[in-house]
Each structure stands twice: as C-alpha cells, then as structure tokens.
Amino acid sequence: MKLNPGSIVPINYNLWPKASDCVVMAMVTGSEGNWLSLCPVHFEPEAAGFMDYVVTPEMTPLKMLMVVMSEQIQPVPLTAIDANFIAGKDPARLAALALPDSVREGLLRDMYFVLSHTKPQDVFKVSRGAFLPPRSSAFKLSQKLANDWNRFVVSAWQKDLAARGLNDRAVSSLVAEIERNTNSRTALSLEMPGASDKVTPRRSKNLGGLGSSSAMCSPGRSSDELQSHQQPLETARQTLVDLLVVNGRPAEAARLADATFSEFLKLILQFFPLKSE
Amino acid sequence: MKLVHEQDQLGIAMLRDKIAPRVRRYPPEEYTFDGVWRDDDIEQIANSIIEVLLRRGLDRAWYLSGAGDKRISSNLNQLIFNAVLKNAPPEHQAFYSQVVDHFRRHRERFAKKTLNNRTYYMGLAAWKGTARGDCSKDRKELYNIWYRQIKWPIMADGKSIKAHVRRELFYLMLDIIDEWVLDADFYHNFRVLVHFPKPGSGYFDAPPSGSDDDDESGPQNANQPRNFYKLFKKYFQSRPAQHRIQNPDDSWSSCLEEIIKNYNTGARGFLYYFCIEDQNQTISARKAGRSVGFGCETRKRFINDLMKLQIDIKQLPDVHKYLAALLFNSLKPEAEA
C-alpha cells in the first residue's frame, strides 16, 4: 500500500523497546519505495514540548489528541511499520486511519510550521506544546519517548539490513552511523557568555535542533567532527561498493560511492532486496 | 478497547468493571477522606477516567496503535492512578509530591528496584551493581532503628520539611540500614517519624504559602513552571476577584515585549533560567553570569513590572509560552556569539 505524507500509521511493536510502556504511532513525512521518513506521535499532552505539534481531537477525523514530535523525524525502512497494516490485513484499522488529502496536507504543513517558527508572534498560530522545565517529569517523559524512538529506529535498521543479507561489518558500521545520527531530546537550552563555572554546563550549545528536523541533514559541523563521524559510514560504503563490484554491478556501485548518507540508505534498500522478496 | 472505540455500551461497562478493582487496590486510609472505599467514590473515579479516555480519544489511539494488551493495561493503570491521586485528600497528594516524587526525582542519589514486577525496594544509587541484600527487618524494627539513630524534624502544623533536609533524611535512612528497604515500610515509617499530617486532617486545605524556591508546600502540578507562577502572587493578591479583568485582550503581549525591552542581557538571561527553566534564584543568576544579588533585584523588578499587564489568571500558561519564546529568541544570538 502507498503511504502518503501526513498519514498516521501504526509502528511495528516487535522493534519497540520491550521494557517501554509508551504507546506511540508515527506520522509519515516522506516515502520512496521501501524507504520512509517518520516522526513519532504520542498521546501524552502534558509531555508536549515547545517544538512538538499538538493535534487536538477536533482537527482530524481520527478524533485523537496527538503530539507529533517533529524534531525526531528519522528515515526508516518499511519494515518499521506494522506488517499487517502494510499488507492490508486489518481493514478496520486501515479504514479508521484513512485521512482525506486536505487533512494530511494540513497536518504536515502545520508540523513544519512548528518546526521552523519559534518567534513569539508565531507561538499561537499553530497549536504546540509548552517550554518544559528540564527537571519536570513531563520533560523526562518526553526525553524517554525520544530515547525509545531512537532505539526503535536503530533496531529497525539493524533487523532490516541483516534481512537483506549484508555482511556483519557493513551492518554494524551502518548501524553505528545511524545511532550517531539519532537526536537525543534536550531542553531548549541557552549557555550565556560569562556563566559561572560553578554551574554544571549543559550539553554544549545544542539548541534542540531548531530549524533542522534531523541531525542527518544538519549543517554546520566542524571538519574534525565530520571526519570522525564519517568513518563508520565510509567503512560501510567501501564494503558495499566492493560487494556490488564483485557482483558485476559497477553502475550501482558508482551511485553508492557518491551518495549522501540519506541517499545512501535509500539506495541500499533499492540495491539489496530483502531475502524473502 | 475495540468495543470502547466503537462506542459500544458493553465495552464501556466492561472497562468500568476493570477499573473498580484496580482502584480498590490503593489503601483507602491514604487515598480516601474517610478511610474506606465507597461505591460512590469508585463510580466518580471511573467516570472521570472514562471521560478523559473519550475526550482525548485514548480508546481510539490505544486500539489503532496495536500496542498490545500489556502496554494498554499499563497505560490504563497510570490513568487510574492519576485519577485516584487527584481525588485523594490534599495531605496524601502532598505526601506523594514531597516524598514519593521527590525520592524518584533524585536518581543520581537514590534508586528503586523491583522483584517479580510487583515488590519495590528502595536504596542508594551507589548500590546499583553491587551485591546488596534485601532487608529482612520488619516495619517496626526499621522504625526503632531509624527513631534511635536519626534526629527527626517534626512537621509541626503541617509545615513542610525543606527539600534538601528531606533528601538528607532519605539518604540517612538507607545508609543506616545498608540494604534495600521495602518501599511501603520506608514511606510508612517516614510518614510517622516526621509526623506528616494524616490524610483528611485538613492541614493542606489552605493554598501553599512558602516562599522558599526549593520547597513544595502542599499539592501542586510538578510540571508547572513554579517560579513563574509565584511571580504573580502579588499581582493577583492586589486584584480582588471582583476587580479582575472581565474581558482581557491580547494587549498583554505587546506590553510584555515593552517590559522585556528594558532588560539587559544578564537580566533576560536570569529571567530565562528562573521563569522558563524553573531553576532556583542562585543557579539562575550564576547561569546568566551575574551575582545572586543581581538575580534577587531582577526578580523584584520583574514582579513590579508585571503589574502593568492586564491579564486573567487563566491566561498565565499563554503568557508563559510567549515570554519563553520572547526570551529564548532574544538571547539565542548572544548565546551563540
């Protein structure tokens, strides 16, 4: 089935951390073949942060209060979605989750508005969460949800890549790179010049990913940082390029060699089909 | 959940039947005013849970997510607990936020562990990964040890024990026993040893009056920016209910911007940490690179400036959100420089 951007879909709970009791779904923000980009949707309004888009029950035919964690958009393989739902085996749920195009487009537009507008004049234009005090239980819950989501993303890639018959070295390098690119949830914090040394510094100058939906496309990293980040990716790239060359697929190898990370993931899903497919 | 989701009355009746026994599990002497679970109380709690469930569309969300029975049951239990605590006497709500929540909030010092997913033990975080035994002493023995070896402050007239003192007491209690202690025994004895007001005794009926910014006097929402709300105490005290704005408009936003314009970077930094991150006054001043005295002056000045606003108490969450965005955006370029 085709997953349109703006759709709300059930995730594959076999990949969700076993110890987590959180109930989440996901919003599709992009799709291309077996590649999707998703962001988590939860149902705890008190844990809605300033960068989260809050969808009230009257805004969609779903009639659910949803919190879209727009900063946590991540690329995932199709296997991250509930298999029965994808296979169309659950018509009742499929029908309940079907949204008119205008509603889906509206959800997506408003979600990106929340992500890109933080000025005071814009804060009431689209419903969004509040600034959560970093020590509050609401902030900790939102942090937990983001961490669970990151583990889910890593687990989805790990299982999917292994099911494509890629060798362990390539899988582990890629998973390391994906893990490095997941966003941990941090408070919208500021570090003032001249702050006293006695205050424990917060995690660097992380502004909560303002303006960039994912670290995977965030600009402005230092060259040293980029170099150390690229190492596992380059290991995986070299391994897979060699594999394609050995299998007599030089054109595909060339495309993989030049791809950006996000493009690289899409190409892997395209060039290395699941063993059962 | 599927039946509830389909608005089936049978589904709602079944849910009601599931809620009642779960509510009765909570000790009535702590969670009810007269020490016994009455059918009316349970009916009221069940109705409030079902109301929240349907209003937020949680029945649909749980069903459509396919999260599985275990997760749904756990989420339902949390919803039930929230409703039970909301209906509990204020003294128990205060005990929960001052003691139970407080213990959990300090994970760097304290830890909890479970046995068979049912029994909870409390200990020090430093014990994690060490072979500490589970305490076999009964409640009375523990009481005697703690009574003899710790100098206990008494909550006379329900006045709360300062948060840092409370933390030290938790630490001492566990350090003396040097083994994992059953949570029920720990909380029960703490309650008795400090003479925490008994549920229904009426000590926490009045609104909290404490001015210590590291303290929690009485029940309150731990997620609210407490410092920010306290700034408006004088504002609302000086405007009796009958003189409050009947039709507040949005002009408060431009007024707030005018106020903030007159604050320099240090003062805005202090307000950000104090009102938005909800840090205490000392930490806020240090994080803003200013002295504690500067922080104190800025707080007083801001309280006076806030008197210029024309707002209703219901607008405070909006004012907080606007102020947060205002301060954050004005400080961001300077923090990044």
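**Note on a predicted two-chain model**

1. His92(B) counts as buried, at 2% relative accessibility. Buried means under 20% relative accessible area, exposed over 50%, and partly exposed in between (1.4 Å probe, protein chains only). The residue sits in helix H7 (residues 90-105) of chain B. Helices (H or I, at least four residues) and strands (E, at least two) are DSSP runs, numbered from the N terminus. The side chain of His92(B) makes a polar contact with the side chain of Tyr31(B) at 3.2 Å. A polar contact is a pair of N or O atoms within 3.5 Å; within protein, one must be able to donate a hydrogen and the other to accept it, and residues adjacent in sequence count only if both atoms are side-chain atoms. Not counting residues up to four places away in sequence, His92(B) touches Glu30(B), Tyr31(B), Leu85(B), Arg191(B) and Pro199(B). Contact means heavy atoms within 4.5 Å.

2. Basis of the values. This is a predicted model: local features need pLDDT of at least 70, side-chain atom pairs count only at pLDDT 80 or more, and totals for chains, interfaces and linings use all residues. Residues are numbered from 1 along each chain as its sequence is written, chains are lettered from A and ligands numbered from 1 in the order in which they are written, and side-chain values use heavy atoms, with hydrogens and water left out.

3. Chain B overall. It has 17 helices and three strands. Of its 337 residues, 47% count as buried. Among contacts in chain B with a separation of 6 or more, 72% join residues 24 or more positions apart.

4. The interface. Chain A brings 58 residues to the contact and chain B brings 50 residues. The area buried between them is about 4600 Å², with 59% from carbon and sulfur atoms. Buried area is the accessible area (1.4 Å probe) that two parts lose on being put together, summed over both. Phe131(A), Leu190(A) and Met192(A) supply 16% of what chain A buries against chain B, more than any other three residues.

5. A salt bridge is a side-chain nitrogen of Lys or Arg within 4 Å of a carboxyl oxygen of Asp or Glu. Glu44(A) and Arg56(B) meet in a salt bridge through their side chains (3.9 Å, N to O). H2(A) gives the most to the side of chain A that touches chain B, with four residues.

6. Cores. The largest nonpolar core has 137 residues, and Trp146(B) and Phe186(B) have the most contacts inside it. A nonpolar core is a set of buried Ala, Val, Leu, Ile, Met, Phe, Trp, Tyr and Cys residues joined through side-chain atoms within 4.5 Å. H4(A) gives the most to this core, with nine residues. Apart from it lies another core of 42 residues, including Met192(A) and Ile260(B).

7. Asp185(B) is in helix H10 (residues 183-193) of chain B. It counts as buried, at 9% relative accessibility. Leaving aside neighbours within four places in sequence, Asp185(B) is in contact with Lys137(B), Arg139(B), Leu142(B) and Trp146(B).

8. Backbone checks. Most residues other than glycine have a negative phi. Lys63(A) has a positive phi, near 55°. Lys63(A) is exposed, with a relative accessible area of 51%. His195(B) also has a positive phi, near 60°. His195(B) counts as partly exposed, at 48% relative accessibility.
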